[in-house]
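Okay, thanks everyone, I'll keep this short.

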Amino acid sequence: MINPTEVNSLIRLLDDPDSEIFEHVYNKLFSYGAEAITYLESAFEQAFDPIQQERIANLVHEIQFSNLKNDLKLWNQSGAFDLLQGILIINRYQYPDLDEQKVINQIEAIKRDIWIQMMNEASPKEQIKLINHVFYNIYGFSGNTANHLDPQNSYLSQVLETKKGNQISLAIIYSIIAQKLDIPVYGVNLPQHFILAYLDESMQSEFESGILFYINAFNKGFLFGRRDVDMFLKQLNLKFDKQFYEPCSNTDIIKRVLRNLISAYENLGSAEKVRELNELLNIMEAPPAP
């Protein structure tokens, strides 16, 4: 437990003109971690000095970013099994006070509305047709074509609020919901596009990997086949590569989300965000612990 009197005394020293004192105070408060945030936020509201306000805001961000890096590293090194947990960690970069339970409840509500209408003997295409009906027609999700480079398209909480996202954010929500319904839909890391594959685990062969068909979550759940992927790669002048056809890992999905965010913030000229997101990308590119 931290001592409130000591913390508040340290916070009052944050605007000290002596750089050595400031650095010592800053490091001491940083060492308290998340426990200090409530005190810092309260002091921010009461502060009139712009230097002190800026220093408090920077310190809160540093603590939150440090915690986020630790959480991402832990998620990645423990196998990256839960995609929803991974994308919620990334969401906290822009929205550190995010009510994660609210996001989980929103996804559960969509899942429940599909589950209520699900027939036991539905074929794979019938299952997808139902998901598409609920996801696009009832909930109104669509691709954000008007403002495709907006970083908000990559934050799950915002996509659930606005019902607009980019290829990968819509595909992430779609696949999480499908998997919660025991429907085997997984992400495929196609260049310049992110798609989904419906996997029939009972018919895996050497080449086809048991993929029945592909789904374009950005285009209202449009279904297409392997030859369409062939054509798309041909247009991009890319040679055959197995990874363009098969499900990718959750780690690959999160890395792609981070690259999208880096690109979006580069476009906006936000150099500090680009630097921090590259730090997160480096964490994801480190090999998992043995």
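This is a predicted model: local features need pLDDT of at least 70, side-chain atom pairs count only at pLDDT 80 or more; totals for chains, interfaces and linings use all residues.

So, let's start with β3 (185–188) and β4 (195–199), which pair in the antiparallel sense over four bridges. Pairing here means that DSSP finds at least two bridges between two strands.

Numbering runs from 1 along each chain as its sequence is written, and side-chain values use heavy atoms, with hydrogens and water left out.

Strands are DSSP E runs of at least two residues, helices are H or I runs of at least four, and both are numbered from the N terminus. Zooming out, four strands make an open antiparallel sheet, ordered β3-β4-β5-β6. β3 and β6 (222–224) are the edges, each pairing on one side only. From one strand to the next, the twist averages 35°.

α9 packs on that sheet and touches β3, β4 and β5 (211–216), with contact meaning heavy atoms within 4.5 Å. Its direction makes about 155° with that of β3; axes are lines fitted to C-alpha atoms, for helices over the stretch in contact, and angles run from 0 to 180 degrees between N-to-C directions.

Asp182 sits in the loop between α9 (167–180) and β3. Buried or exposed? Asp182 is exposed, at 71% relative accessible area (over 50% is exposed, under 20% buried, in between partly exposed; 1.4 Å probe, protein chains only).
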